[in-house]
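Biologist: Please take a close look at the contact between the two chains of this model. I would also welcome the context of the sheets and of one loop, with every cut-off stated.

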Amino acid sequence: MSQKILAKVEASSLKSDVAPFAIGDTVDVHTRILEGDKERIQIFNGVVIARAGSGSRETFTVRRIVAGEGVERKFPIHSPKIAKIEVKRSGVARRAKLYYLRDRVGKSVRLKEKRAETTEGTAAKPAKAAKKKTVKA
Amino acid sequence: MTQVFDDAGGVVPVTVIEAGPCPVLFVRSVDRDGYEAVQVGFADKPRRLASRSVRGQVAKLDSRRGKRLAEAGVASLPKANSEPKRFVREFRPGKNGLDVSGLSVGQVLTVSVFEGVDAVDVTGTTKGRGTAGVMKRHGFKGQRASHGVKKVHRHQGGTSMNTSPARVFKGKRMAGRFGNERSTMRNLKVVRVDAENNLLLVRGAIPGPNGGFVIVRKTNKLQRVGGGPAPAAAKKKAGGKK
């Protein structure tokens, strides 16, 4: 019962239009920043190394190298401060948490890009869903 | 507990309290009972689990017995006409700024009594932790990991002095039963009042386990000017505590 109530509360802060992205993807995170009373968008670019939590509490961690120093930022996925998440490149990840990237420097930080077939595979998914819809209709 | 986003986009940790509906079961008066109070209940329980007196308190007047009594000319007390309640508490007006006048038996309190209230106090029973050591129970520091400390790493240090007074003072904090006691968290900010689902969202944690019963009332901490007294109600805490 209490879980149902919690779900009700969380539903109020869920975003409906969260772009799908996966661990290992290189993303641009557009965050809203308030300067005085002016709002502007700041972009944080990097590799998604982890997703954690569920419901309105879900977060993801983006890692990038700035001036030779690793920088990680953790964003709540459903935060109203996040304007957009743009997937720039899909990397191959064989685990859910890419914390091993923290120990790497230089070229070994790079992830293999997902091959065309696999991207087609992901692209085929919405098509399938569409098919299902037509069947239902 | 869970979290919601505020207007600025920041994360606010909240506890969800299912606040009502709480019917008024009884109104105590100085004439009849010697004190003024209002009794409210929350959460139904099956009639088979309720004692006869409790059933009688909420029973419909058109029961067989009720009819018989009415025929005999016995004036019965007003009944709330609800199911027996699991959690029943009395609230007394007074120093706490509570105003119970104007409440009558059968009236149902909902979360709307907290509309416009800035902060609340939440009273509940803390989670029982059984026999606990001094580190958990009183926040003592324990002892060192090395330098000759033997098997007493989580113990307290000394308990008293030497030949004088040659005893341990009463009330010395030691290991023992911890938790399962009444506790009040005061001045919790009201984040949201959801009248539709009867939910009250307060910032921060409250005493007790998930699904435990608590009492919520307008805080008696001094507030900024404004905000009149609001009636209190017995409430159940629904959402997670983690």
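Modeller: The answer begins with the contact and then turns to the sheets and one loop.

This is a predicted model, in which local features need pLDDT of at least 70 and side-chain atom pairs count only at pLDDT 80 or more, while totals for chains, interfaces and linings use all residues. Residues are numbered from 1 along each chain as its sequence is written, chains are lettered from A and ligands numbered from 1 in the order in which they are written, and side-chain values use heavy atoms, with hydrogens and water left out.

Chain B contributes 17 residues to the contact and chain A contributes 15, where contact means heavy atoms within 4.5 Å. About 1,300 Å² is buried between the chains, and carbon and sulfur atoms give 67% of that area; buried area is the accessible area (1.4 Å probe) that two parts lose on being put together, summed over both. Of the area that chain B buries against chain A, 37% is supplied by B:Thr2, B:Gln3 and B:Phe5, more than by any other three residues.

Between the chains there are zero salt bridges (a side-chain nitrogen of Lys or Arg within 4 Å of a carboxyl oxygen of Asp or Glu). Four residue pairs, both members at pLDDT 80 or more, are in polar contact across the chains. A polar contact is a pair of N or O atoms within 3.5 Å; within protein, one must be able to donate a hydrogen and the other to accept it, and residues adjacent in sequence count only if both atoms are side-chain atoms.

On the side of chain B that touches chain A, the elements giving two or more residues are β1 (2-5), β2 (11-18) and β11 (199-203) of chain B. Helices (H or I, at least four residues) and strands (E, at least two) are DSSP runs, numbered from the N terminus. The largest share of this side, four residues, comes from β1(B). Its residues divide into nine nonpolar, six polar and two charged, with Ala, Val, Leu, Ile, Met, Phe, Trp, Tyr, Cys and Pro counted as nonpolar, Asp, Glu, Lys and Arg as charged, and the others, Gly among them, as polar.

The sheets come next. In chain A, five strands form an open antiparallel sheet in the order β4-β3-β2-β1-β5; two strands pair if DSSP finds at least two bridges between them. Strand β3 (residues 59-66) of chain A pairs with β4(A) in the antiparallel sense over eight bridges, and A:Thr59 stands opposite A:Pro76 in β4(A).

Chain B has an open antiparallel sheet of four strands, ordered β5-β4-β3-β6. There β5 (85-91) and β6 (108-109) of chain B each have a single partner strand, so one side of each is left without a neighbour in the sheet. Strand β4 (residues 37-44) of chain B is joined to β5(B) by six bridges in the antiparallel sense, with B:Phe42 opposite B:Phe87.

Finally, the loop between α4 (134-138) and β9 (176-178) of chain B holds B:Pro165, which a cis peptide bond with omega of about 10° joins to B:Ser164. B:His147 lies in this loop too; although not a glycine, B:His147 has a positive phi of about 55°. Most residues other than glycine have a negative phi, and most peptide bonds are trans. B:Gln156 is also found in the loop between α4 and β9 of chain B. Not counting residues up to four places away in sequence, B:Gln156 touches B:Val134, B:Phe140, B:Gln143 and B:Met174.
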